[in-house]
Amino acid sequence: MKETVKKRFSIGKILMYTFLIIASFISIFPFYWMFVMATRPSAAYNSIPPTMTPGDRLVENFLAVLDKIPFFGAMWNTLVLCAVVTLVVLFISSLAGFAFAKFKFPGKNILFISILLTMIIPPQLGLIPQYYLVAKFGLLDTLFGAMIIFFLNPLGIFLMRQYIGQSVSDELVEAAKLDGCSNFRIFRSIVLPIILPAFATLGIIVFTATWGEFLWQFTVLRDPESYTIQVALSSLNTTNNVDFGMMLSGVFWATIPLVVVFLMFNKLFISSITEGSIK
Amino acid sequence: MTTASIQMIRKEGEKLTTQGKGKYRSEQTKDKISAYLYISPFFIIFAIIGLYPAAFSLYLAFQKWNGLGEMTFVGLQNFSVVLNDPLFWKSVYNTIIIGLMGTAPQIIIGIILAFILNQAFLKFKNTFRAMIFMPYITSMVAVALVFGVFFSNNDTALANYMLNLFGMDSMNWKTHEWGAKIAISVMVFWRWIGYNTIIYLAGLQSIPKDLYEAARIDGANIVQQLRFITIPLLKPFIILTVFFSTVGALQLFTEPTVFLGASAFSRTEAMTVVMYLYRDAFSLQSFGTGSATAIILLVIIIIFSALNTFLTSGIGKKRKEYKA
Amino acid sequence: MKRSNLFWMVGLFFMFGLFLTGCGDDDSASGDGEVTLDFWVFGATNYEDLAKEYEEENPGVKIKVRTAETEEHHNGLFTALSAGSGAPDIAMLEVDQLDRFKDAQDRFANLYDLGAEDVQGKYLDWKWKIGENSDGDFLFGLPTDIGPKAMFYRIDVFEEAGLPTEPTEVEELIQSKEDFMQVGKQIKENTGKPMVDSMEMAYRAIIDGAEQSFFNQEGDLLIENEGNSVKQAYDLAVEMHEQGLVGEYTMWTPEWGNAVNNGDFAVEMGAAWLKGWMMGNAPDAAGKFRVATLPAEFAGNWGGSYISIPDETDHPEEAYAFVEWLVSPESQLKSFQSEAGLFPSSPEVYEMEDFQNTTDEFFGGQSTAQYFAKATEDISFIYKGPDYVSVHNEVLNALENVQQGADAEEEWDAAVERIKGVINR
């Protein structure tokens, strides 16, 4: 920071840094606290002043979790589920986003608005009819049954339309057409490489949103072998158990992989945002 | 497979037409077909799993049904039951209050954060961005558990401990009229602020840097830059987040449900409209009134999103005129 | 180019491949003569262990147990029954929830058709009758455990208050509602601690023993009648609150767990299953609790379950055979002795030597089983009705508000209005 000090040093910058540091702290603190609780016995919840340092039960609490639920199996199921949902959503969204951004066709605006409007149907009420459909298709207890409703992602189409509209120039598309490229070829060879970074953004958003879903998965997956991690974790939280150290240990270890994946893709994720503007 | 094969056929057809005369015209038709084809996956999946539930709910709104027995047609009775229920209006009130407290500050603080994160002088950019976005990747169960303990009812809860430090009395966060609303708003805010910030950041980066450069040469300070360049040009993104926040806030369900736990559907302090309809359907086994509530909610959402979108675009326009 | 090709292929693969492979996954249809039974349970049971034992004794039968939280369990079952597919072969039903499933008589197998009459004599009459429909010709479930209530009291708190601590002495001291209040006042004065943990506990003192609560069997709402039991129970809770005998430890919260562990209040009017919970979750309270019989006015049943067989099952006979075995007196003894501590609904178990000789280290070596067995004698048939859980919650709400300082009568009237709103749907 030293080199920027000189004349450019200003109250504005100090304020901005302070604001950012406070915001980051608030963002991160619950993660730290989750970790603290995951390493302590239940009683640590009720101490005054509140416990702020990690304890020594990191392994013990986690072993208790492993004893109660098929943690790794559930993690694997969740991973598969989220990966497939993410890929399918990227696929559907980028194609549709391309169509909405670069083509003229009758009903375009109405269709686009109707996609956004599908968002406003409260999902909770669809539970029984959707369950009925999934059961009729024989998809109960299958990961496919658990993922199918997440294929509908209006936000994905919206973001892709914005991104393709901005970063793929009309001239490029026109030029390709003049070269005799088919529309699909244009999508595959020109649009896709350009929007790959945007996939990181949408991918992370979809992946994490799917990771956290509970109600639908609980309703559709009844066989412990098909449990996703949220369903498995919820079975830790029964009225007959108030071992919060153990519970938060489960939650903590279920969060870690997500944080790792996020940090891995963070560079790509950020660059997807940055590259969108550098043209 | 179908998409691929249609693609093949189309390629063949395209070879033929390009040789013909009406190239421009066929090009347009081709584009239309492609476009419909490309948006079809969404609509096909929606037709399979989205349309039927929606139609079913519409049908149920005029029936009395407990989920197990016979259905009976009751006309508009479900709507009058819901609209005459004080608890329904309480839930509308709760939803709006929590929505305002949870999402409105996000827009302001989100823009400020994005603005800072977009500054050229900023060090550790990626680290800050990652940290701000982190809350979004936690699952709701995790958030609710952590915040559930943070805002628990006893004196040792962290939130109460902090209140006590400032000389205030402890609060029953899960049963107090405002306590519950504040706690849930904080959860919503915490979880979604990073998400909105990232969307604003994406918007900011589409603003050409030389605009700021020019403004700086004209002697505009940071606040003026924010006001005359950032916000007007960010308008489409603000409208987007306002729309999503409005819809999201009016559909608030998971956060309060998990936070309140066992008492979620019996206490009224933080009962949202969707919780109200879920309670109707699954606790009270009244799918008719539940569906009627959903339809009323739909109307509310349409009104609010239209209103908010209209208001937001209005703000931008005024700015522009002012600027000119 | 290469990247996008890959993407394209992966996309197609998942879109269509999964559509094909996902279908036709029906696990109950196993070809090799083996029968797989899905069994849904909730809360703490030892049924997973018992199922394994049964599998060993009965080759060819496989039992898949799924455990969930009470609310989620019943809602999931409800969704499956409502959609008409996806229900398990065997499902556990909690007694408070049972009545709401009775509307769906056509979705359950009548256990009388499967031979349940032969075992009827082994179970407590009132418990059996609750599992029937109102005509008495359809049996929804076989009885599992029951929740006879007794008084769990802290000897250290009693001692501090200058009271006797031996169960026989305590029973002599507390023989009526008035005695209970008197002791509560003495404890409050001498130790500053409340008698009971929560408003719910105080309210349950009377409601858990009431033969009729909110509804009669014709479905009429009773709570506006003079002297109805809900109002009585409500008034008692309010009275105890006004005398400062009620703590603010809502059950199942961490605060409550902590209070049980530390002895921040004197008495739990708990059911037998509370014992299992305490042993698992309140380690510091070991040796500090004793069990005594409650005064007759407070005797009651809290919780307990049934095992039912949804009609969808392809294997009703096999399912029934397992259920009959699972709730047989011999198995009930095992469930009782397990960590779950499920209290038997078959009086035959009360006569067993192993049952009578069970002593609890946690309760200072006291043999607690007999107190609960004795409590079952004071319990009679209880009718709850399909809306029980919802209307019960409304009263708890009102009581919670009273504890926060609201006016008791106003809260009662408001609760009655809310309850009417609930049942008019």
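Start with chain C, which splits into domain 1 (35-146 + 303-356) and domain 2 (148-300 + 363-423). Bear in mind that this is a predicted model. Between the C-alpha centres of domain 1 of chain C and domain 2 of chain C the distance is 28 Å.

Where do the two domains of chain C meet? Domain 1 of chain C brings 23 residues to the contact, and domain 2 of chain C brings 22 residues. Four elements of chain C give two or more residues to it: α4 (95-101), α5 (125-130), β4 (141-154) and α16 (353-356). The largest share comes from α4(C), with four residues. By class, this side of domain 1 of chain C has 10 nonpolar, five polar and eight charged residues.

Now move to chain B. In an unreviewed entry, UniProt places the feature "transmembrane region" at residues 35-62, 96-118, 130-151, 178-202, 233-253 and 292-311 of chain B. Two of these ranges can be followed in the model. Residues 35-62 of chain B are 93% helix and 0% strand. The end C-alpha atoms of that stretch are 38 Å apart. Residues 233-253 of chain B are 86% helix, again with 0% strand. In this stretch the end C-alpha atoms are 33 Å apart.

Chain B touches chain A. In this contact, 76 residues of chain A meet 71 residues of chain B. At least two residues each come from α1 (11-38), α3 (71-102), α4 (108-117), α5 (127-136), α7 (154-167), α9 (183-212), α11 (229-234) and α12 (244-275) of chain A. Which helix gives the largest share of this side? That is α12(A), with 14 residues. The side of chain A that touches chain B divides into 49 nonpolar, 23 polar and four charged residues.

Chain B also touches chain C. This contact takes 23 residues from chain B and 24 residues from chain C. On the side of chain B, the largest share is three residues, from helix α12 (residues 273-283) of chain B. The classes on this side of chain B are eight nonpolar, 12 polar and three charged.

Chain B, then, is in contact with chain A and with chain C.

How values were computed: Residues numbered from 1 in each chain as written. Chains lettered and ligands numbered in written order. Predicted model: local features only at pLDDT ≥ 70, side-chain atom pairs only at ≥ 80, totals over all residues. Domains from an automatic or database assignment. Contact = placed C-beta atoms within 7 Å. Nonpolar A, V, L, I, M, F, W, Y, C, P; charged D, E, K, R; others polar. UniProt positions renumbered as here; feature names shortened; annotations may be inferred.
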